[in-house]
Amino acid sequence: MNSGPDALTVPDSGRRPPQTEVSADGAVNETLEDYTLRFAPRSYRRWTPMVVATTALGGIAYMADFSIGAGIGLTHGTANALTAILVAAVVIFVTGFPLAYYAARYNIDLDLITRGSGFGYYGSVLTSVIFASFTFIFFALEGSIMAQGLKLGLGLPLWLGYVVSTCMVIPLVIYGMKALSKLQVWTTPLWLLLMVGPLLYLVSTDPGTVHTFLSYTGSHGGSGIDAASVLLGAGVCLSLIAQIGEQVDYLRFMPPKTEQNRRTWWTAVVLAGPGWVVLGALKQAIGVFLAVYILAKAGPASATEPIHQFTGAFAAMMPTWLVVPLAVALVVISQIKINVTNAYSGSLAWTNSFTRVTKHYPGRMVFVLANLACALLLMEADMFSFLNNILGFYANCAIAWIVTVATDIMVNKYLLKLSPQAPEFRRGMLYAVNPVGVVSFTAASGLSIALYFHALGDALQPYSPVAAALIAFVLTPVMALLTKGRFYLRRTTDGIDAPLLDADGNPSSATYACHVCRQEFERPDLAACPTHDGVVCSLCLSTDRTGAHVLPAAPA
């Protein structure tokens with residue numbers, strides 16, 4: 001990065017930096033690959049809005065949607081399944097919009113957003129662990145699906161397929177946004193063709209399949225739409241609400257919003273942010289359709305497995321010798337596209353949490369391997385056989401987190417104006433824990449989990465996801481009012497006179513040299529140092545074990 005005209009210059013005293021400075025060097029050098037754990041500077045964000053959007057949407061190529069839709073449909077029937085999918089999609093879209101906007105506008109990931117949106121500097125560690133868990137749960141799910149494909153196509157035993165599906169993403173996920181953007185853009189057209197082609201063929205050549213699909217009543221055998229069935233199905237679908245975190249990991253690389261690009265900028269943010277759920281919901285509905293289509297041939301157990309769903313669909317439209325290879329190709333492409341994202345985003349979440357708690361940066365690759373190890377253990381434990389139970393439980397935590405952050409942005413920041421609109425994530429600027437988000441999240445997730453496990457009776461059990469969303473939505477502004485917004489900012493100034501935002505409201509691109517690591521960073525990533533005539537970057541603040549570089553508290 002070149003110094004801008006407003007850059008501070010700090011004289012080099014020639015002294016050896018203290019231990020906190022030396023230990024930060026390796027962390028800084030690694031994170032500059034794609035600005036992990038920190039603000040993504042304008043100098044790095046050279047992609048167009050639509051390239052960023054395409055890359056982000058490539059990450060939702062996962063096959064789990066087909067399994068989720070199939071499981072709900074076979075249990076509760078088509079009408080209940082489609083209604084549940086629609087309900088979940090609306091909730092996910094509404095809550096995902098403010099998060100996507102904040103990430104694209106201010107170029108920070110979901111953990112950095114969460115810190116300043118009600119949780120505090122250390123309070124958001126809890127939600128980082130929730131998100132990291134999301135990534136390895138879904139990595140395991142996709143890996144299981146790929147292993148099923150490898151067993152059918154190559155005869156590999158499942159245990160070996162799990163190992164292959166885990167290890168093959170390691171070389172890809174070592175690299176950051178530059179490599180991932182190329183992978184996603186190149187593979188998306190083929191993936192779309194293989195996914196949509198069979199469905200269009202079946203509907204056009206055999207319209208009777210549509211009637212069979214729409215009239216299917218599920219294993220419960222009920223007719224019409226049942227509220228409990230819809231809510232149970234929606235709860236499973238809502239486990240995917242944390243997917244917005246992976247979308248945000250890409251959207252933080254959006255270019256600045258200007259008058260010239262505002263239309264394409266907004267289109268990209270909506271499509272790749274909350275818009276992911278539109279394609280996700282369609283995939284879930286396709287999963288119901290394919291499961292009903294192959295149910296008589298494959299049986300209920302295999303009808304929820306995407307490899308058998310697409311094998312049955314391909315068999316209706318092409319020679320036998322092509323069926324299995326194409327189905328396996330679709331599964332493998334999908335698994336690679338999503339699991340490089342799962343591994344990448346999971347490593348960021350684990351590293352972020354570990355660095356803040358221990359004030360030591362061990363390297364992102366350590367947590368890539370740790371995340372993959374957790375996923376492999378889940379696969380070897382045959383998590384696919386109890387998928388809906390895992391997702392139904394997990395959904396309560398994910399809903400409570402996302403709804404809390406989205407409500408803080410929409411209500412506390414813009415309506416009540418108790419939460420600062422400009423996001424803050426730097427150590428020293430935030431309180432360690434903000435009760436607004438932490439209390440709201442804990443109460444919403446705790447009570448909804450109690451409902452899920454029948455603690456308040458069988459009749460209320462299906463309503464656990466609704467409880468998680470409503471409690472988080474109501475309690476977040478209530479807590480902000482009770483605390484009068486006192487615990488958002490520990491300080492109102494970071495000690496740097498230059499403005500944080502430019503004239504267009506985008507993060508300033510003025511550069512300053514961090515006196516700890518000697519690297520230059522853009523304005524939003526830095527704060528003044530109380531003990532030196534200079535500034536310190538956010539990661540060096542995070543790894544400062546003595547607190548010498550952290551600004552003291554000041555009246556907010």
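Student: What hand does the crossing of α2 and α12 have?
Tutor: In this predicted model, the crossing of α2 and α12 is right-handed. The label applies because the near helix is turned clockwise from the far one, by less than a right angle.

Student: Why is α2 called roughly antiparallel to α12?
Tutor: Look at the angle. The axes of α2 (residues 49-58) and α12 (residues 243-251) cross at roughly 150 degrees. Angles over 145 degrees count as roughly antiparallel. Therefore α2 is roughly antiparallel to α12. The two axes come within 9 Å.

Student: Which residues make that contact?
Tutor: From α2, Val52, Thr55, Ala56 and Leu57. From α12, Gln247, Tyr250 and Leu251. By class, the contact of α2 with α12 has five nonpolar, two polar and no charged residues.

Student: What hand does the crossing of α3 and α14 have?
Tutor: The crossing of α3 and α14 is right-handed. Helix α3 covers residues 64-76 and helix α14 covers residues 276-303. They pack at an angle of about 65 degrees, and their axes are 6 Å apart.

Student: Which residues of α3 and α14 meet?
Tutor: On the α3 side, Asp65, Phe66, Gly69, Ala70, Gly73 and Leu74. On the α14 side the list includes Gly280, Lys283, Ile286, Ala291 and Pro300.

Student: What classes make up the contact of α3 with α14?
Tutor: Nine nonpolar, five polar and two charged residues. Gly counts as polar here.

Student: Is Gly143 buried or exposed, and how do you know?
Tutor: Gly143 has a relative accessible area of 0%. Buried means under 20%. So Gly143 is buried.

Student: Where does Gly143 lie, and what does Gly143 touch?
Tutor: Gly143 lies in helix α6 (residues 125-154). Leaving out residues up to four places away in sequence, Gly143 touches Tyr162, Ser165, Gln335, Asn339 and Met379. Gly143 and Val164 are 21 residues apart in sequence, and their C-alpha atoms are 8.7 Å apart in space.

Student: How much of the protein counts as buried?
Tutor: Of its 556 residues, 59%. The protein exposes about 20600 Å², and carbon and sulfur atoms supply 67% of that area.

Student: How many helices and strands does the protein have?
Tutor: It has 21 helices and four strands. Among contacts with a separation of 6 or more, 81% join residues 24 or more positions apart.

Conventions: Residues are numbered from 1 along each chain as its sequence is written. This is a predicted model: local features need pLDDT of at least 70, side-chain atom pairs count only at pLDDT 80 or more; totals for chains, interfaces and linings use all residues. Side-chain values use heavy atoms; hydrogens and water are left out. Axes are lines fitted to C-alpha atoms, for helices over the stretch in contact, and angles run from 0 to 180 degrees between N-to-C directions. Helices (H or I, at least four residues) and strands (E, at least two) are DSSP runs, numbered from the N terminus. Angles under 35 degrees count as roughly parallel, over 145 as roughly antiparallel, 65 to 115 as roughly perpendicular and the rest as oblique. Contact means heavy atoms within 4.5 Å. Buried means under 20% relative accessible area, exposed over 50%, partly exposed in between (1.4 Å probe, protein chains only). Accessible areas come from the Shrake-Rupley method with a 1.4 Å probe; for residues, only the protein chains shown count as cover.
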